Amino acid sequence: MVIYGVTLLAICLLAGTFLGEVVGVLVGVDANVGGVGIAMLMLVLLVDYLKRKGKLKVKSQEGVAFWSAMYIPIVIAMAAKQNVVAAVDGGPVAILAGVTVVGVSWAMVPLLSKIGKDKSEDFDQEMIGGETNVRNAK
């Protein structure tokens, strides 16, 4: 059922929104600063913690996965549009900062993808009579 796990999403969204407003006040901006990012990070950490403790049922995990799949792309698209408009209005320094962050993020993908990679997941290949036989392909 899709409804399971929505409570976790709602709690994380409310807490993230509140914390984003607090961060905005602390830095002197009249806006929510990073509330959605805080909420998503809280959701990931909370779901991981509950799964490790065995307190999150399979139906709840499926519900969280469904709503995460629906929610995250929409929020990212909305935030990206707002960020681009703000960057263009902010001038060349804001645009340079955005381009730099995107470049660094792209450069980090190969490095981060190697962390925790299990060597047994790689394809084992063996040459027999000039042919390449692939074993353990999953």
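Q: Among the contacts in this chain between residues at least 6 apart in sequence, what share joins residues at least 24 apart?

A: A contact here means heavy atoms within 4.5 Å, and of the contacts between residues at least 6 apart in sequence, 45% join residues at least 24 apart. The model is predicted, so local features need pLDDT of at least 70 and side-chain atom pairs count only at pLDDT 80 or more, while totals for chains, interfaces and linings use all residues. Residues are numbered from 1 along each chain as its sequence is written, and side-chain values use heavy atoms, with hydrogens and water left out.

Q: Which elements does the chain have, and how do they run from the N terminus on?

A: Helices (H or I, at least four residues) and strands (E, at least two) are DSSP runs, numbered from the N terminus. The chain has four helices and two strands, and from the N terminus on their order is α-α-α-α-β-β.

Q: How should I read the length of helix α1?

A: The expected span of a helix is 1.5 Å times one less than its number of residues. Helix α1, residues 6-26, has 21 residues and reaches 30 Å from its first C-alpha to its last, which is close to the 30 Å expected. Just after α1, Gly 28 takes a positive phi of about 80°.

Q: Which residues of α1 are buried, and where do they lie around the axis?

A: Buried means under 20% relative accessible area, exposed means over 50%, and partly exposed lies in between (1.4 Å probe, protein chains only). An α-helix has 3.6 residues a turn, so residues three or four places apart point the same way. In α1 the buried residues are Leu 8, Leu 9, Cys 12, Gly 16, Gly 20 and Gly 24. They cover an arc of only 125° around the axis (taken from the directions from the helix axis to the C-beta atoms), which puts them on the same side of α1. The face turned away from that buried side carries the exposed residues Thr 7, Leu 14, Phe 18 and Val 25.

Q: What does Gly 16 touch?

A: Gly 16, which lies in helix α1, counts as buried at 0% relative accessibility. Not counting residues up to four places away in sequence, Gly 16 touches Gly 35, Ile 38, Ala 39 and Met 42.

Q: Which residues make up the largest nonpolar core?

A: A nonpolar core is a set of buried Ala, Val, Leu, Ile, Met, Phe, Trp, Tyr and Cys residues joined through side-chain atoms within 4.5 Å. The largest one here has eight residues, namely Leu 8, Leu 9, Cys 12, Leu 43, Val 47, Leu 50, Leu 56 and Val 64. The elements that give two or more residues to this core are α1 and α2 (35-53). Leu 50, leaving aside residues up to four places away in sequence, touches Leu 8, Lys 55 and Leu 56. Across the chain, buried residues make up 14% of the 138 residues.

Q: How many salt bridges does the structure hold, and which side chains meet?

A: A salt bridge is a side-chain nitrogen of Lys or Arg within 4 Å of a carboxyl oxygen of Asp or Glu. The structure holds one, in which the side chains of Asp 48 and Arg 52 meet at 3.2 Å, N to O. Because these two residues are four residues apart in helix α2, Asp 48 and Arg 52 are separated by about one helical turn. Asp 48 counts as partly exposed at 38% relative accessibility, whereas Arg 52 is exposed, with a relative accessible area of 61%.
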